[in-house]
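Subject: Handover of a structure and findings

Dear colleague,

Please find below the structure that I am passing on to you. My notes on it follow directly after it.

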Amino acid sequence: MTFRAVFVAFSLSIAALAAARAAAAAEPDIALYAMDCGRMELADADAFADDGAYKGVAKKLVVPCYLIRHPKGDLIWDTGLTEAMADAAAKPPGMSMDRKLSDQLKELGLSPADIEYLAVSHSHFDHIGNGGLFAASTWIVDADERAYAFRPQARADKIEFGAYAALENAKTVEIKEDAPYDVFGDGSVQIVPAPGHTPGHSVLLVKLAQAGPVLLTGDLWHIAESREAKRVPRFNVDRAKTIASYEAVEKLAAEIGARVVRQHVPEDFDAFPKFPQPLR
C-alpha cells in the first residue's frame, strides 16, 4: 500500500470516528431503570387468550415500573401494584410485593415529588396502582384512556380507583392525536398509541445511546407465547384494534430494530440490568 493510500485510509478512519462521536454527542444521555413493582401468579390463565390456549395453565407474571431519566426531566412509565400491598397483613390471592416503588426511587435519591412526568400504558390496577403518588407530576395520557380511567364503573371500585384518584386534579397533557407523542421534544422518548386492550392503551419507545431503541409494550402481550401466536385476552375492549396494534408495533420494531419488552414476562424483565443499575 502506498503512503497516499495509507494516509487516505487513516484520514477516513479519523473522519468516521469523529462522525461516530458527533452522533453519540447528539444523543441525549438517557438512563432506563427497571423496577420490580410486584408479582402475580395465575392458577388458570384462561382469561389471557380467547382461543382457550391457556385454559387450566398456570403462569407467573412480573409487574414492572420504569424510570426514564432524561436531561430535561424524569418520567415514570407504569406504577405497578399499589405499594399499600407491601404493608397489608393479608395480600390478595396470587399477588406479592417485596419492595415499594417509593423505596426504590429513594435508592436513587428521588421521591415521587421529584418526578416531572408520569405516563402509564393504561389504567388497569397493576399499571396505575401508585398513580396517586405522582399527583404533583405532569400526567401525559391518551384522552380516551383518561376517560376510561374515570368512567363510572372505574369509580365504583373504591380501592383500585382510590390508588390513582388524585390524578383527576393533576396537571395533565391529553394526547388526542392518533400519533406518537414526543415527551421531551427530541424524539428520544415517545408514547405510541396501541389501543385494543383498553381504549387508549399505549407503548413507550425509548431510544438509548448504547442499547439502541427499546419498546416497553405494556399489556400488548401478557404472556411470552402470546406475541408470536397473536393471542388476544378475553377482557380486551376491542379485538380488531388489538390485532391492528400488534401489527403496527411489530412493524415499528422491525423498521427501527427495537428491543421489544413484553412487560409482564419475567425473562424480559430479568434481561434488564439489575436495579439500581440502568440500561443506557
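A residue is called buried here if its relative accessible area is under 20%, exposed if it is over 50%, and partly exposed in between, with a 1.4 Å probe and protein chains only. Tyr164 is buried by this rule, with a relative accessible area of 4%.

Two remarks on the source come first. The model is predicted, and local features need pLDDT of at least 70, side-chain atom pairs count only at pLDDT 80 or more, and totals for chains, interfaces and linings use all residues. Residues are numbered from 1 along each chain as its sequence is written, and side-chain values use heavy atoms, with hydrogens and water left out.

Overall form

The protein chain has 9 helices and 12 strands; these are DSSP runs numbered from the N terminus, helices being H or I with at least four residues and strands E with at least two. Its C-alpha atoms fill a box of roughly 80 × 45 × 35 Å along the principal axes. The radius of gyration, taken over C-alpha atoms, can be set against a globule rule of 2.2 Å times the number of residues to the power 0.38. For 280 residues a compact globule would have a value near 19 Å, and the 21 Å of the protein chain agrees with this. Of the 280 residues, 48% count as buried.

The sheet

Seven strands form an open sheet with mixed pairing, in the order β4-β1-β2-β3-β5-β6-β7; two strands pair if DSSP finds at least two bridges between them. β4 (95–96) and β7 (172–175) stand at the edges with a single partner strand each, so one side of each has no neighbour in the sheet. Strand β5 (residues 117–119) pairs with strand β6 (residues 138–142) in the parallel sense, over 2 bridges. Trp139 in β6 is the bridge partner of Leu118.

The nonpolar cores

A nonpolar core is a set of buried Ala, Val, Leu, Ile, Met, Phe, Trp, Tyr and Cys residues joined through side-chain atoms within 4.5 Å. The largest has 25 residues, of which Met35, Leu67, Ile76, Leu105, Trp139 and Tyr164 touch the most other members. At least two residues of this core come from each of β1 (31–42), β2 (59–70), α3 (101–107) and β6. β1 gives the most, with 4 residues. A second, separate core of 24 residues includes Trp77, Leu204, Val261 and Leu279.

The aromatic residues

Rings of Phe, Tyr and Trp (its six-membered ring) pair if their centres lie within 6.5 Å; planes under 30 degrees apart count as stacked, over 60 as edge-to-face and the rest as tilted. This rule gives 9 aromatic pairs. One of them is the edge-to-face pair of Phe150 and Phe161, at 5.9 Å centre to centre and 85° between the planes. Phe150 lies in the loop between α4 (143–149) and α5 (152–156) and Phe161 in helix α6 (residues 158–162), so the pair ties together parts that are 11 residues apart in sequence. Phe150 is buried, with a relative accessible area of 8%, and Phe161 is buried too, at 10%. The rings of Phe161 and Tyr164 have centres 5.2 Å apart and planes at 75°, so this pair is edge-to-face. Ring pairs link Trp139, Phe150, Phe161 and Tyr164 into a cluster.

With kind regards
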